[in-house]
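Let's take a friendly walk through this structure. Have a look at the picture first, and then we'll go through some charged side chains and the overall build.

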Amino acid sequence: MPRRLLEKIVPAPRALQDRWVVRLFGARIADPQLWTLHRRAVTYGFGAGLAICFVPLPVHLLLAVSAAFIWRLNIPVTYGTTWILTNPFTAVPVYYMAYRVGAAILHTPRQHFRFVADWHWFRHGLLPVWQPFVIGCIVCGVVLGILGWLAFEALWRWHVRSRYRARHAAQSA
């Protein structure tokens, strides 16, 4: 996998300990398991990052780091996957897809609504769309998390096998 590129981009855990936000996590942030690029931590981190993208609250990055700490996943991969898919440019299409999936599962007709940032809209305008939206977020999060993990696992294994074959073909020649 692109190990050299990631090693250039990702800061060293010791360098992060000086920042005030990271000091809240203590010495555990320097745990090598959270930063090394081995198959289990990277592939599970990718799947977890995809699943976290569909949480409909603005706490994605906090959840990504918390999940990485709890399950000892690769922090940069989990954080990066979450950030790439829930940035301001992609959040609306991602959540609209989740709404459409939820509406299809619940067999409800699509509601056409216009977002207005006031309390009245949150009390009355959100009522017909919240159930399909939440169901769609749960389903899309679980399905894409598992599919992303499986796809990245297969890609990782294919890459390792092809490098192994190339190395042994060069030795035998």
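Let's start with Arg157, which counts as partly exposed because its relative accessibility is 42%. Keep in mind that this is a predicted model. Through salt bridges with shared partners, Arg157 belongs to one network with Arg39 and Glu153.

Why can such pairs form at all?

How many salt bridges does the count come to? The answer is two. One of them brings together the side chains of Arg39 and Glu153, at 2.4 Å from N to O. Arg39 sits in helix H4 (residues 39-52) and Glu153 in helix H9, so this pair ties together parts that lie 114 residues apart in sequence.

The side chains of Glu153 and Arg157 also meet in a salt bridge, this time at 2.9 Å from N to O. Here both residues belong to helix H9, and they are four residues apart, or about one turn of the helix.

## Buried or exposed?

Now, is Glu153 buried or exposed? Glu153 has a relative accessible area of 8%, so it is buried, as the cut-off for buried is under 20%. Arg39, on the other hand, has a relative accessibility of 32% and therefore counts as partly exposed.

Now zoom out to the whole chain. Out of its 173 residues, 31% count as buried. The chain exposes about 11600 Å², and 69% of that comes from carbon and sulfur atoms.

Which residues form the positive surface patch? They are Arg4, Lys8, Arg163 and Arg167. Helix H1 (3-9) and helix H9 (130-172) each provide at least two residues of this patch. So helix H9 turns up again here: it holds Glu153 and Arg157 too.

Take Arg4 as an example. You'll find it in helix H1. With a relative accessible area of 70%, Arg4 is exposed, because exposed means over 50%.

## The overall build

What is the chain made of? It has nine helices and zero strands. Read from the N terminus on, its elements go α-α-α-α-α-α-α-α-α.

Finally, how do parts of the chain meet? Take the contacts between residues at least 6 apart in sequence: 71% of them join residues at least 24 apart.

Terms used:
Residues are numbered from 1 along each chain as its sequence is written. This is a predicted model: local features need pLDDT of at least 70, side-chain atom pairs count only at pLDDT 80 or more; totals for chains, interfaces and linings use all residues. Side-chain values use heavy atoms; hydrogens and water are left out. Patches are made of residues with over 30% relative accessible area and no salt bridge: like charges are joined within 9 Å, nonpolar side chains (Val, Leu, Ile, Met, Phe, Trp, Tyr) within 5 Å. Accessible areas come from the Shrake-Rupley method with a 1.4 Å probe; for residues, only the protein chains shown count as cover. A salt bridge is a side-chain nitrogen of Lys or Arg within 4 Å of a carboxyl oxygen of Asp or Glu. Lys and Arg count as positive and Asp and Glu as negative; His and the chain ends are not counted. The place of a charge is taken as NZ of Lys, CZ of Arg, CG of Asp or CD of Glu. Buried means under 20% relative accessible area, exposed over 50%, partly exposed in between (1.4 Å probe, protein chains only). Contact means heavy atoms within 4.5 Å.
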